[in-house]
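Trainee: I should like to learn how to read the features of a structural model. Please take me through one.

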Amino acid sequence: MSAAEVPSAVPSTTAEDAGAGPAFDVLAGSFAGVEGTQPVRVVGRVSGLRGMTVLVQDLPLPVGSLVSIPQTEPSPGLTGGRLGEVIGLSGSRAVVMMLGALGGVRAGDAVVGLRPQRTVGVGWSMLGRVVDGLGAPIDAGGPLHNLSPRAIDPPPLPPMRRRRIHAPMVTGVRAVDVMCTLGCGQRVGLFAGPGVGKSTLLGTIARNCSADVNVLALIGERGREVKEFIEGSLGSEGLKRSVVVCSTGDESPLMRIRAAMVACSIAEYFRDHGRRVLLMLDSVTRFAHAHRQVGLSAGEPPASKGYTPGVFAAMARLLERAGAVEPGPGRAGGSITGVYTVLVEGDDLTEPVADAARGILDGHLILTRQLAHRGHYPAIDVLDSVSRVADDVSDESLRTARRTLRRCIAAYRDVEDLVQIGAYARGSSPEADVAIDYWPRINELLRQGSAEREEFDRARDRSVKLAMEIAAALSRPARRVG
Ligand SMILES: Nc1ncnc2c1ncn2[C@@H]1O[C@H](COP(=O)(O)OP(=O)(O)O)[C@@H](O)[C@H]1O
Ligand SMILES: [Mg+2]
């Protein structure tokens with residue numbers, strides 16, 4: 001399904017090629033301009049349509065190649081021009097899916113091979129900008145300058161080049177920083193149903209986190225939501241140090257897939273310049289849907305719930321692109337921390353995409369509708385949420401505090417139903433008694449307005465103090481009994 005899996009005549013632009021330094025950027029631009037062009041002009045002919053794809057005769061190009069169907073009559077307003085991508089083969093014909101609208105394609109039309117590699121131009125001028133799945137700006141900020149090309153589907157990072165996670169990534173959201181501390185280079189899933197507050201939480205994190213650069217990929221959202229997110233949740237302050245890549249649900253599935261991969265390439269560019277990058281992808285589920293559409297069109301057999309096997313391979317490849325790297329020659333050692341939203345209907349975490357994501361990621365935050373209904377925002381269920389690196393990136397006092405708070409929250413959960421109907425008899429469980437007493441203060445710690453920002457040190461001190469009080473209260477009845 002991807003360019004990198006198919007042998008190609010032209011070397012690919014790897015992470016190494018796009019090294020650090022402005023001089024290199026300029027040279028790399030020229031080299032890759034030459035490398036990226038199709039060495040021999042290949043022209044095929046449209047010989048049929050099948051669903052959303054065009055079948056092309058005499059187009060011996062590898063899967064992943066970019067092609068163009070030149071228009072005989074120009075029609076303004078077509079996004080992506082008449083660009084397409086080879087997504088598979090059917091007999092001796094190439095299966096091409098268009099990046100824009102399919103309308104106007106006729107039998108016998110010429111199909112010209114453009115590039116065997118999928119690349120995107122990236123650079124510092126992208127900061128504060130909103131771009132589409134081809135990396136082209138879609139805001140009012142004019143053209144981008146000084147871009148150097150990067151492969152959008154580079155070879156996977158060798159395991160030995162990855163760095164272990166040891167530094168915390170502060171999100172500015174207490175419930176996360178205290179209960180599920182994230183690390184620089186970690187990949188975490190944000191699992192929630194629609195309308196539970198994912199976008200709002202991503203916006204809050206983008207504004208308040210300790211990352212140098214945010215890359216936000218909005219995949220398959222409704223057009224209205226994109227503006228709402230950029231102007232409402234992210235705001236001008238958040239946008240300043242962010243790059244937003246978006247592809248709405250009405251675009252071609254190929255554009256949605258590209259947008260997700262392009263976002264990763266942009267994040268990798270900043271990572272290789274030594275920056276701590278926070279990559280947020282909303283949502284992986286819609287990326288998987290787009291891949292399913294392409295896979296089925298290319299003739300892949302459906303497996304679980306209509307998802308083709310290629311979907312899970314593509315997901316693994318996409319999510320594996322985050323991580324921290326060791327510095328190397330011509331490359332600083334930055335990190336990409338990935339936050340990926342996954343849509344779950346009901347509480348169905350066994351749905352194929354959610355299940356696959358949980359297997360790949362090293363942590364998950366679960367937002368629940370029950371909490372959102374009660375106006376408890378961010379609606380993070382801290383007992384069900386896990387950050388696998390939390391203990392590695394927190395000091396001893398925070399680790400102890402977290403354990404105490406978890407134990408207390410669990411004790412409250414056990415008796416919550418009884419408490420709510422007034423049937424809990426005090427004294428039945430000393431631990432539950434303490435949990436009930438401290439419940440308002442625990443809630444105060446976990447709830448946070450979307451505009452409220454709290455420094456990590458303050459949040460930690462506050463939770464350590466609260467946990468110490470709880471621990472003291474817990475030891476009191478025990479002493480009396482003894
Ligand atoms: N931190 C918050 N404080 C108050 N209300 C919130 C908060 N987060 C979400 N909401 C409410 O939930 C609604 C849906 O949030 P949104 O982030 O768009 O959800 P999703 O992206 O999961 O669909 C918002 O319109 C808002 O009313
Ligand atoms: Mg949303």
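**Helix packing and the ligand shell**

Mentor: Helix H3 (residues 198-208) packs with helix H4 (residues 223-240) at an angle of about 5 degrees, their axes lying 9 Å apart. Helices are DSSP runs of H or I of at least four residues, strands are E runs of at least two, and both are numbered from the N terminus. Axes are lines fitted to C-alpha atoms, for helices over the stretch in contact, and angles run from 0 to 180 degrees between N-to-C directions. Residues are numbered from 1 along each chain as its sequence is written, while chains are lettered from A and ligands numbered from 1 in the order in which they are written.

Trainee: How are H3 and H4 oriented to each other?

Mentor: Angles under 35 degrees count as roughly parallel. H3 and H4 are therefore roughly parallel.

Trainee: Which residues surround ligand 1?

Mentor: A residue counts as near a molecule if its C-beta atom, placed from the backbone, lies within 6 Å of it. Among those around ligand 1 are Gly-197, Lys-198, Ser-199 and Thr-200. H3 gives the largest share of this shell, 3 residues.

Trainee: What is the average pLDDT of the chain?

Mentor: The chain averages 85, and 88% of the residues score at least 70. Over residues 1-22, however, the pLDDT is below 50. Where pLDDT is low, the predicted coordinates should not be read in detail.

Technical notes. This is a predicted model: local features need pLDDT of at least 70, side-chain atom pairs count only at pLDDT 80 or more; totals for chains, interfaces and linings use all residues. Angles under 35 degrees count as roughly parallel, over 145 as roughly antiparallel, 65 to 115 as roughly perpendicular and the rest as oblique. pLDDT is the predictor's confidence in each residue, from 0 to 100. Two residues are in contact if their C-beta atoms, placed from the backbone, lie within 7 Å.
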